[in-house]
Amino acid sequence: QSPVKTGRLSQKSIKIAKDKFDCVTCVVTDNARNVDKRRDGLEEDDSSLVVYGCSVHMLNLLGQDITPSFVMKHGMEIQKYFRNHHKLNTWLTECPDTVKPQLPTETTRWKSQLTCINTFIKNRSSYMNIIHEHEDDFDKQIARKIRDISIYDNARDLATQLRPIAVALDKAQSDSHSIADSCHIWLTLQQDALLETHCDVVKKRCK
């Protein structure tokens with residue numbers, strides 16, 4: 001929808017809520033481009049309104065901000081290799097304590113970066129065993145990356161840093177979550193020791 005049509009729908013919804021409850025002070029919207037453009041317009045139309053974007057979306061973007069592309073690249077390449085080869089996938093399911101390899105998605109699933117990394121970490125020992133037993137069936141470059149301890153260590157470090165953001169996302173998606181809770185989450189993340197090296201990025205997304 002166009003920003004104009006989106007704005008009309010927003011104004012209509014605000015009017016209905018005001019007529020029914022007589023207490024509209026804040027409006028929370030998603031962060032789609034058409035809505036994002038209209039958000040400033042809502043405050044211009046009614047200066048008493050405080051308008052917020054979607055913190056869940058911003059938290060997901062924060063997770064992407066602190067995820068080094070080279071770490072995700074290696075993890076995705078390994079996960080894709082197992083997902084796209086039926087024989088390897090079958091061998092993986094036969095290993096105890098393994099999970100289906102996951103890939104990150106930017107728009108449909110929050111926390112998908114962490115899910116991808118965690119499944120790689122959990123499955124790595126099984127990946128190693130499969131390589132050992134079926135060396136000739138493996139792409140040599142993929143095998144080298146699975147065996148590379150630095151890739152594994154980087155993935156574990158990233159998972160540790162993404163964990164507080166994942167916890168924040170769970171809280172932000174709860175049915176009882178409020179705008180005040182969102183503010184508290186962002187202030188808490190700025191003080192989290194696990195995110196100390198990314199403090200400026202957290203502050204930028206918070207703003």
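Q: Are α3 and α9 roughly parallel or roughly antiparallel to each other?
A: This is a predicted model, in which local features need pLDDT of at least 70 and side-chain atom pairs count only at pLDDT 80 or more, whereas totals for chains, interfaces and linings use all residues. Residues are numbered from 1 along each chain as its sequence is written, and side-chain values use heavy atoms, without hydrogens and water. The axes (lines fitted to C-alpha atoms, for helices over the stretch in contact, with angles from 0 to 180 degrees between N-to-C directions) of α3 and α9 cross at roughly 20 degrees. Angles under 35 degrees count as roughly parallel, over 145 as roughly antiparallel, 65 to 115 as roughly perpendicular and the rest as oblique, so α3 and α9 are roughly parallel.

Q: Which residues of α9 make the contact with α3?
A: The axes of α3 and α9 come within 11 Å, and contact means heavy atoms within 4.5 Å. From α3, the contact involves Ser55, Met58, Leu59 and Leu62. Their partners in α9 are Ser182, Ile185, Trp186 and Leu189.

Q: How many charged residues does the contact of α3 with α9 have?
A: Ala, Val, Leu, Ile, Met, Phe, Trp, Tyr, Cys and Pro count as nonpolar, Asp, Glu, Lys and Arg as charged, and the others, Gly among them, as polar. In the contact of α3 with α9, 6 residues are nonpolar and 2 are polar. The number of charged residues there is none.

Q: Which residues in α10 meet α3?
A: On the side of α3, the residues are Met58, Leu61, Leu62 and Asp65. By class, the contact of α3 with α10 has 5 nonpolar, no polar and 2 charged residues. The residues in α10 are Val201, Val202 and Arg205.

Q: At roughly what angle do the axes of α5 and α6 cross?
A: Helix α5 covers residues 86-94, and α6 covers 112-133. Their axes come within 10 Å of each other. The crossing angle is roughly 120 degrees.

Q: Which residues of α6 take part in the contact with α5?
A: Helix α5 contributes Leu88, Trp91 and Leu92. The contact of α5 with α6 holds 5 nonpolar, 2 polar and no charged residues. From α6 come Asn123, Ser126, Tyr127 and Ile130.

Q: What is the volume of the largest pocket?
A: On a 1 Å grid over the protein atoms alone, a cavity is a set of points where a 1.4 Å probe fits but cannot get out, and a pocket is an open set with protein on both sides within 12 Å along at least five of seven lines; lining residues have an atom within 4 Å of a point. Points are joined across faces, edges and corners, and a volume is the space filled by probe spheres set on them. For the largest pocket, this space is about 570 Å³.

Q: Which residues are closest to the centre of the largest pocket?
A: The lining of the largest pocket consists of 23 residues. They divide into 12 nonpolar, 5 polar and 6 charged. Closest to the centre are Tyr52, Gly53, Cys54, Ser55 and Trp186.

Q: Which element gives the largest share of the lining of the largest pocket?
A: Helices (H or I, at least four residues) and strands (E, at least two) are DSSP runs, numbered from the N terminus. Those giving two or more residues to this lining are α2 (33-45), β2 (50-52), α3 (55-65), α9 (179-190) and α10 (199-206). The largest share, 5 residues, comes from α9.

Q: Which element gives the most to the lining of the second largest pocket?
A: The second largest pocket has a volume of about 180 Å³, and its lining residues include Pro164, Lys171, His184 and Asp192. By class, this lining has 5 nonpolar, 3 polar and 3 charged residues. At least two residues each come from α8 (149-172) and α9. With 5 residues, the element that gives the most is α9.

Q: Which element supplies the largest share of the lining of the largest cavity?
A: The largest cavity has a volume of about 60 Å³, and Asn60, Lys111, Gln113 and Leu169 are among the residues that line it. The lining has 5 nonpolar, 3 polar and 1 charged residues. The largest share, 4 residues, comes from α8.
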